[in-house]
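Me: I have a new model open and would like to learn how to read it. Could you walk me through it, one feature at a time?

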Amino acid sequence: MRKRSVCMVAVLCVIALCLQGCSVLGLDSLMGAELTPTELYYTCAPSVVEIRTEAEGGGAVGSGFFCDNKGTVITNYHVIENFAIAKVYALTGEEYAVTAVKGYDIKRDIAVLETDCKNSIPLQFNAGGTITGATVYTIGSSLGMTSTLSEGIVSCAIRQLFDQEFIQITAPISPGNSGGPLFDAYGYVIGVNTLTFMGGQNMNLAVPIQDALDVNVSNPTTLEKLFTRTTTSREGERKLNNWRVGYVPEEDSEIGKDAYTILFQVRDQYDRQMKPAGSVSVQIINDDNVSVYGKSLSFTGSDTVLVETREGTFEFMAVHIPYEDVAYGDTYFGMLNFTVSIDDYTFDTVPVRLLDLPVL
């Protein structure tokens, strides 16, 4: 059996930015003295917020931070995804409503939110990159525990994964930290905490802050418009507000045994799992831009598996592509694209990076 790699995808979650490592020489004189953990916490924590999202079926907790003095908050897109209502809570207890989504980037997993706070204290940014071994800190709502401080190092300044670049860190983060700031030792934000490897030992990833600063904020919308779409299902008129997608080629997993397995999930406006039937049009294009697989596959509500994610355990639809059905090519890498059709509603995925395609 040929080697298979483990590929982790979040709904999103993908990022592309080239970071530049900054010189250590002269850094103290340029940015001031390094802060102690206590100094950093009391200086920066008032600008870090907890984000609570709401739906009829429940809610979720994430983190974010003020980026200007007008109440604008940066967070992860997946923190607000699914939810038509969100509120922001400051360390001092003030509550603010999210009044608009000023901009977002699904691929980079960034959302920029407008709130009704008008006198926020912004954090300062260092978009010049970082270096492996540098001390870093995070502040966020780990497992809902508001304003938790953690410390670590940069274990890889530029970690290339899923066709994107991250800052890999050892600072512990947990569900609830998503969207919170990653600080350097001088109190500057260098990243947005976004992803953790559930089976790893302090293997966590942050989106470089420049990715957040590059988000287009010229076309604002609202949470309600962004996550409420109407479709017809077998259960009657329902609002379809989200789908999640995963790819499971894990060698030890029965789900992904001997096949590329596409997982996707459709949830309604109350965050309840829908059980549709439909079809999936799948295409795999390798890095030489050659199509090595293309087919339309059907699925039913019975084609489901339970998957444990960082948000909990969910029921996913499963479509399997046997390895032998994928044509040989000249590269081990490629992109998976697919379109799901359910009744009269159709949606496309964010392209998913595939590894270990068959080669000649």
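Reply: Happy to! Let's begin with pairing: two strands pair if DSSP finds at least two bridges between them. Keep in mind throughout that this is a predicted model.

Me: With that idea in hand, which strands make up the closed barrel, and in what order?

Reply: Follow β7-β8-β9-β12-β11-β10: these 6 strands form a closed barrel with antiparallel pairing. From one strand to the next, the twist averages 45°.

Me: Let me look at one strand of it. How many bridges join β10 to β11?

Reply: There are 3, and the two strands run antiparallel. Strand β11 covers residues 189–196. You can check individual partners on screen: Pro 181 is bridged to Val 192 in β11, while Leu 182 has Gly 191 as its partner there.

Me: And what does β7 contribute?

Reply: Strand β7, residues 135–142, is joined to β10 by 3 bridges, again in an antiparallel arrangement. Look for Val 136, which stands opposite Asp 184 in β10.

Me: What should I look for in a hairpin?

Reply: Find the two strands, then inspect the turn. β10 and β11 make a hairpin with 4 residues between them, and Gly 187 in that turn has a positive phi of about 90°. Another hairpin is formed by β16 and β17, with 4 residues between them; here Asn 289 in the turn has a positive phi of about 65°. Strands β16 (residues 278–286) and β17 (residues 291–299) run antiparallel and are joined by 8 bridges. Gly 278 stands opposite Phe 299 in β17.

Me: Now a loop residue. Why does Thr 331 count as buried?

Reply: Compare its accessibility with the cut-off: Thr 331 counts as buried because its relative accessibility is 11%. Thr 331 lies in the loop between β19 (312–322) and β20 (334–342). Beyond four places in sequence, its contacts are Asn 286, Asp 287, Asp 288, Leu 357, Pro 358 and Val 359.

Me: Where does pLDDT stay under 50?

Reply: One such stretch is residues 1–30, and another is residues 229–243. Across the protein chain, pLDDT averages 77, with 72% of the residues scoring at least 70.

Conventions. Residues numbered from 1 in each chain as written. Predicted model: local features only at pLDDT ≥ 70, side-chain atom pairs only at ≥ 80, totals over all residues. Heavy atoms only, no water. pLDDT = per-residue confidence, 0-100. Contact = heavy atoms within 4.5 Å. Buried < 20%, exposed > 50% of the residue type's maximum accessible area, 1.4 Å probe, protein only. Axes fitted to C-alpha atoms, helices over the stretch in contact; angles between N-to-C directions.
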